[in-house]
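Open the model in your viewer and get ready to select a few things.

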Amino acid sequence: MSEPLVTTTEPLVTTTQAAFLLNLSTGRLRELLNQGRVRDARKVGRLWMIPLNSRGMPEIKPGRRGPEGTWNKNRRSGNTFVHVLRKTIDYNRDNGTSYPAVAVKVGDKKDYCHALKIDGPCQIVYQPHQPNKSQAGGARLWIEVEPQHIVERVYFSDGDYGPPPEVSEQRAKVKNKNSKQKNSKIKGKKK
């Protein structure tokens with residue numbers, strides 16, 4: 001009598017789930033899949049099935065050139081914060097544009113999109129008298145999603161891309177402020 005075959009079952013996830021774990025867009029993950037850079041990924045019918053390693057993460061093979069990838073290497077432990085950018089909504093209305101008006105912050109990485117699909121429970125937090133200084137420059141209203149739940153970003157095919165105008169303005173102000181501080185330090189040293 002022969003012994004039964006022992007099969008090891010490794011957890012498999014879809015592209016949406018893997019993109020969430022890696023904190024990448026599904027489009028970028030599909031590029032990596034087509035380049036053969038996702039370790040042991042296989043196509044089942046029309047779907048990609050991606051195995052998880054011992055840390056519960058998909059593994060990406062390093063590229064041959066260019067900067068190192070910025071995807072998550074370990075499971076996320078912090079919540080996802082979602083902010084609606086009111087100034088961008090006003091800008092889009094006044095200028096006929098369609099910049100992304102939803103900001104998604106996971107750890108230190110912030111991404112912008114047009115819509116979201118949240119797979120699991122979330123909470124909307126409103127703190128009018130205690131703004132959250134660590135989020136979006138003192139946000140008073142945000143959506144908070146626990147780390148294990150998928151937040152899928154959606155982009156309009158005919159939308160404008162890149163950071164919203166209010167973000168570009170804020171970055172320019174910070175850059176200007178930093179350069180003024182550097183100049184004042186240099187002038188102080190010359191005296």
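Start by selecting T15, A18, A19, F20, L21 and L22, the buried residues of α1; buried means under 20% relative accessible area with a 1.4 Å probe, protein chains only. With six of its eight residues buried, α1 is mostly covered. This is a predicted model, in which local features need pLDDT of at least 70 and side-chain atom pairs count only at 80 or more, while totals for chains, interfaces and linings use all residues. Residues are numbered from 1 along each chain as its sequence is written, and side-chain values use heavy atoms, without hydrogens and water.

Now show what covers those buried residues: the cover includes β1 (12-13), α2, β3 (47-51) and β10 (150-154). Helices (H or I, at least four residues) and strands (E, at least two) are DSSP runs, numbered from the N terminus.

Next, pick L22. Leaving out residues up to four places away in sequence, L22 touches L29, M57, P58, I60, W71 and N72, where contact means heavy atoms within 4.5 Å.

Then select L22, L29, L32, V38, I50, I60 and W71. In the largest nonpolar core, which has 17 residues, these touch the most other members. Such a core is a set of buried Ala, Val, Leu, Ile, Met, Phe, Trp, Tyr and Cys residues joined through side-chain atoms within 4.5 Å. Its largest share, five residues, comes from α1.

Finally, zoom out: the chain has four helices and 10 strands, and 31% of its 191 residues are buried.

Conventions. Buried < 20%, exposed > 50% of the residue type's maximum accessible area, 1.4 Å probe, protein only.
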